[in-house]
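Thanks for coming. I will go through one structure today, a piece at a time. Please have the sequence and the model open on your screens.

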Amino acid sequence: MFKRMLSAFGVGGPSVDTVLDSPHAAPGQLVTGQVRIQGGSADAEIGQVVLSLVTRVEVEHGDHEYGGVSEFLRVVVQQNVRVTAGQLVSIPFQLPIPWETPITAVGGAQLPGMTVGVRTELVIAGAPDKGDLDPVLVHPLPSQDAVLNAFGQLGFSFRSADVEAGRLRGVPQELGFYQEIEFFPPAQFAGRIQQVELTFVASPHELYVILEADKRGGMFSSGGDAFGHFRLSHQEAQVADWASSINGWLAQIAERGGALHGYEQHGHHGGHHGRGMGMGTVVAAGAAGVVGGMVMGEMIDDAFEDFGEFGE
């Protein structure tokens with residue numbers, strides 16, 4: 001990151017620069033690095049050095065949807081830091097990535113519309129100075145990767161991804177939001193199913209996979225949403241035959257007159273499938289024209305404007 005002058009101290013004050021050891025991470029891992037504070041022309045006192053993880057979240061309000069920034073982890077890494085004139089103070093840190101953190105990179109490619117960042121905040125004389133964001137590329141767990149690869153194999157095409165405020169029925173969640181990755185269905189379902197949304201909710205031991213199909217209504221059938229719900233251990237999910245399970249679920253929905261609810265699978269095992277088109281290729285192919293949501297009030301603090309710079 002670039003050094004940022006601390007305006008609270010005026011001209012000649014200290015500057016801060018947060019450096020991540022690596023921008024790559026996965027749910028359940030640690031992001032490590034250092035907050036480097038370079039002393040200015042006079043001694044300075046910083047009350048707290050705070051790091052947080054933030055992401056953009058869409059909030060539905062009536063018929064409208066607004067985008068804001070949600071802080072979902074906050075850690076005070078040091079208190080009462082005295083920075084003498086000209087001195088460099090380096091403060092090491094470790095940030096745990098929550099298991100439910102949204103995925104922002106698939107197959108080595110950035111997932112369009114998705115951002116997670118480390119925000120550095122310094123509290124000076126009781127007033128917070130919210131600083132820059134350092135983007136973190138959150139990669140899927142192996143269990144999540146197995147599901148995404150099945151979507152690629154089956155011929156789904158990536159449409160968009162976002163994070164929605166709220167909670168899912170019947171799924172234990174630590175965070176007050178969930179990620180939705182939207183796909184256009186394979187060609188054989190194109191006339192009957194408009195899109196399929198994929199949501200992961202992970203914990204240290206389990207993976208919930210929630211599927212939602214937006215079903216087209218026809219002359220002799222009703223439309224509506226159909227849901228699929230899978231709960232497996234991470235080990236089971238890595239070897240499950242996801243392509244067969246997802247394809248079977250879609251076929252049932254397409255053939256039924258009404259919406260199918262509550263299709264549930266526990267401990268499903270299956271053989272390994274040969275990989276079709278990798279999910280990174282699917283994401284890259286569908287990435288054109290993805291537009292982010294609106295910005296809500298002061299929640300954003302211009303923070304996500306910084307993200308655009310890093311993506312270029």
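Predicted model: local features only at pLDDT ≥ 70, side-chain atom pairs only at ≥ 80, totals over all residues.

Now the overall view. The protein chain has 5 helices and 18 strands. It has 312 residues, and 49% of them count as buried. Take the contacts in the chain with a separation of 6 or more: 66% of them are between residues 24 or more positions apart.

Pro27 is in the loop between strand 3 (24-25) and strand 4 (30-38). With a relative accessible area of 2%, Pro27 is buried. Between Pro27 and His139 there are 112 residues along the chain, and their C-alpha atoms are separated by 7.7 Å. What does Pro27 touch, leaving aside its neighbours within four places in sequence? Pro27 is in contact with Ile97, Pro98, Trp99 and Thr101, and also with Val138, His139, Leu141 and Gln144.

Next, Val54. Val54 belongs to strand 5, residues 44-61. Its relative accessible area is 0%, so Val54 is buried. Val118 is 64 residues away along the chain, and the C-alpha atoms of Val54 and Val118 are separated by 6.6 Å.

Then Glu65, which is found in strand 6. Glu65 is partly exposed, with a relative accessible area of 32%. A pair of aromatic rings is described by the distance of the centres and the angle of the planes. How many aromatic pairs does the structure hold? There are 6 aromatic pairs. One of them is Phe72 with Phe177, an edge-to-face pair with 5.5 Å from centre to centre and 85° between the planes. Phe72 is in strand 6 (residues 64-83) and Phe177 is in strand 14 (residues 177-184), so this pair ties together parts that are 105 residues apart in sequence. Are Phe72 and Phe177 buried or exposed? Both are buried.

Another edge-to-face pair is formed by Phe158 and Phe183, with 6.4 Å from centre to centre and 85° between the planes. Phe158 lies in strand 13 (residues 157-165) and Phe183 in strand 14, so the pair ties together parts that are 25 residues apart in sequence. Phe158 and Phe183 are buried as well. Ring pairs also link Phe151, Phe156, Phe158 and Phe183 into a cluster.

That leaves the helices, and I will take two of them. Helix 1 has 13 residues, which at 1.5 Å a residue should span 18 Å; its end C-alpha atoms are 19 Å apart, which agrees. Of those 13 residues, 10 are buried, so helix 1 is largely enclosed by the rest of the structure. The buried residues are Ser143, Gln144, Ala146, Val147, Leu148, Asn149, Ala150, Phe151, Gly152 and Leu154. Which residue follows helix 1? Gly155 does, and its phi is positive, near 95°.

Helix 3 covers residues 242-255. Its 14 residues should span 20 Å at 1.5 Å a residue, and the end C-alpha atoms are 20 Å apart, which agrees. Buried in helix 3 are Trp242, Ala243, Ser245, Ile246, Trp249, Leu250, Ile253 and Ala254.

How do these two helices sit relative to each other? The axes of helix 1 (residues 142-154) and helix 3 come within 8 Å and cross at roughly 60°. That angle makes helix 1 oblique to helix 3. The crossing in which helix 1 passes helix 3 is right-handed. On the helix 1 side, the residues that meet helix 3 are Ala146, Val147, Ala150, Phe151, Gln153 and Leu154. On the helix 3 side, they are Trp242, Ala243, Ile246 and Asn247.

Note on methods. Residues numbered from 1 in each chain as written. Heavy atoms only, no water. Phe/Tyr/Trp six-rings, centres within 6.5 Å; stacked < 30°, edge-to-face > 60°. Helix = DSSP H or I, 4+ residues; strand = E, 2+ residues; numbered from the N terminus. Buried < 20%, exposed > 50% of the residue type's maximum accessible area, 1.4 Å probe, protein only. Expected span 1.5 Å × (residues − 1). Axes fitted to C-alpha atoms, helices over the stretch in contact; angles between N-to-C directions. Parallel < 35°, antiparallel > 145°, perpendicular 65-115°, else oblique. Left-handed = near helix turned anticlockwise from the far one by under 90°. Contact = heavy atoms within 4.5 Å.
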